[in-house]
Amino acid sequence: MIIKTALDVTAAQPCAADLEAINALARRELAPDEVYVFGVKLCDNEIDRDFERFSDECLDELAPMFVGKTGLLDHNWTASGQLARIFRAEVETDAGRLNSAGEPYRYIKAWAYMLRSDATEGFIAAIDAGIVRETSVGCSVEHRTCSICGEENCRHVPGRSYDGELCHKVLSGAVDAYEWSFVAVPAQREAGVIKSAGCSLRGFVATAAGKGFRAEFERLERLAAEGERLLERERAEVRRLGLLWDEQMAGAVARAAENMDAGELAGLRERLEKKLAGRFPPVCQLPGLGRDTRFDGDDYII
């Protein structure tokens with residue numbers, strides 16, 4: 001599950017239409033003075049701190065999925081942590097603003113309600129004071145494609161720049177929306193109540209539920225980075241051997257190497273080394289066995 005965050009919580013009194021939508025979710029008829037209504041920006045199509053962004057189509061698919069979903073604290077999936085519930089959600093477009101991909105800025109705006117009681121009075125006051133503000137969402141998506149090559153599994157690293165273009169993952173194919181949470185630091189810089197999508201381990205270990213796995217995750221990240229460096233060295237060696245083998249085929253060999261794993265690269269390197277062994281046999285630098293040799297130092301006289 002990928003977890004993102006957002007901000008901008010705005011409070012308002014429920015109108016008749018809002019109260020009707022709220023009561024469609026409630027077990028009994030609630031009066032206007034029993035509920036506290038506020039709006040949140042859940043997620044958008046901007047690149048976030050995880051170097052991911054939702055596609056416009058994904059936002060359109062997610063918006064109705066969040067209706068009826070509960071609001072929690074720090075993605076803690078317990079019944080005691082339920083604070084609020086979304087009763088309306090829609091995608092809005094800021095016509096005067098472009099995201100970093102050069103597209104019109106779009107985001108999911110949702111409205112949630114909370115029951116007014118002695119238990120929630122302090123939390124509501126914190127929202128009104130702007131202290132409790134950031135949020136994050138929990139959802140799942142089918143695809144995380146590379147912004148550079150469009151593939152889901154590739155060698156491009158999110159957060160790095162390639163020919164001046166920042167690599168990031170584009171989330172698409174919404175599957176489900178689980179929940180949204182109040183958090184301290186959201187992944188999405190402009191989200192209001194948290195967002196989560198897809199299947200990001202980095203997002204999970206940043207949560208309270210995943211902090212116990214953080215050390216192991218960081219160790220695996222270091223191993224993955226070292227593995228990527230070793231793969232690049234192997235690719236470079238294959239490119240070099242391909243150029244020695246056939247200059248006209250060198251480009252095809254280099255392109256094939258880009259999509260090979262470690263085992264495939266090792267196999268290709270060995271085959272190229274065997275082909276080149278016959279073309280460039282080793283030359284013995286010592287005189288043959290049984291031949292007389294003479295050395296008087298004249299070769300070293302300047």
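Trainee: Which residue forms a salt bridge with Arg53, and how far apart are the closest N and O atoms?
Mentor: Arg53 pairs with Glu103, and their closest N and O atoms are 3.4 Å apart. A salt bridge here is a side-chain nitrogen of Lys or Arg within 4 Å of a carboxyl oxygen of Asp or Glu.

Trainee: Which parts does the pair tie together?
Mentor: Arg53 is in strand E4 (residues 52-54), while Glu103 is in the loop between strands E6 (84-98) and E7 (104-115), so the bridge joins parts 50 residues apart in sequence. Helices (H or I, at least four residues) and strands (E, at least two) are DSSP runs, numbered from the N terminus.

Trainee: How many salt bridges does the structure hold?
Mentor: There are 15 salt bridges. This is a predicted model, in which local features need pLDDT of at least 70, side-chain atom pairs count only at pLDDT 80 or more, and totals for chains, interfaces and linings use all residues. Residues are numbered from 1 along each chain as its sequence is written, and side-chain values use heavy atoms, without hydrogens and water.

Trainee: What pLDDT does the protein chain average?
Mentor: The average pLDDT (the predictor's confidence in each residue, from 0 to 100) is 80, and 78% of the residues score at least 70. Over residues 190-199 the pLDDT is below 50, yet this stretch has 89 contacts (heavy atoms within 4.5 Å) beyond near neighbours in sequence.

Trainee: Changing topic, how do the axes of H5 and H6 cross?
Mentor: The axes of H5 (residues 214-245) and H6 (residues 250-258) come within 8 Å and cross at roughly 160°. That makes H5 roughly antiparallel (over 145 degrees) to H6. Among the contacting residues are Arg235 and Trp245 of H5 and Val253 and Glu258 of H6.

Trainee: And at what angle do H5 and H7 pack?
Mentor: H5 and H7 (residues 262-279) pack at about 30°, with axes 9 Å apart. Axes are lines fitted to C-alpha atoms, for helices over the stretch in contact, and angles run from 0 to 180 degrees between N-to-C directions. H5 and H7 are therefore roughly parallel (under 35 degrees).

Methods:
Angles under 35 degrees count as roughly parallel, over 145 as roughly antiparallel, 65 to 115 as roughly perpendicular and the rest as oblique.
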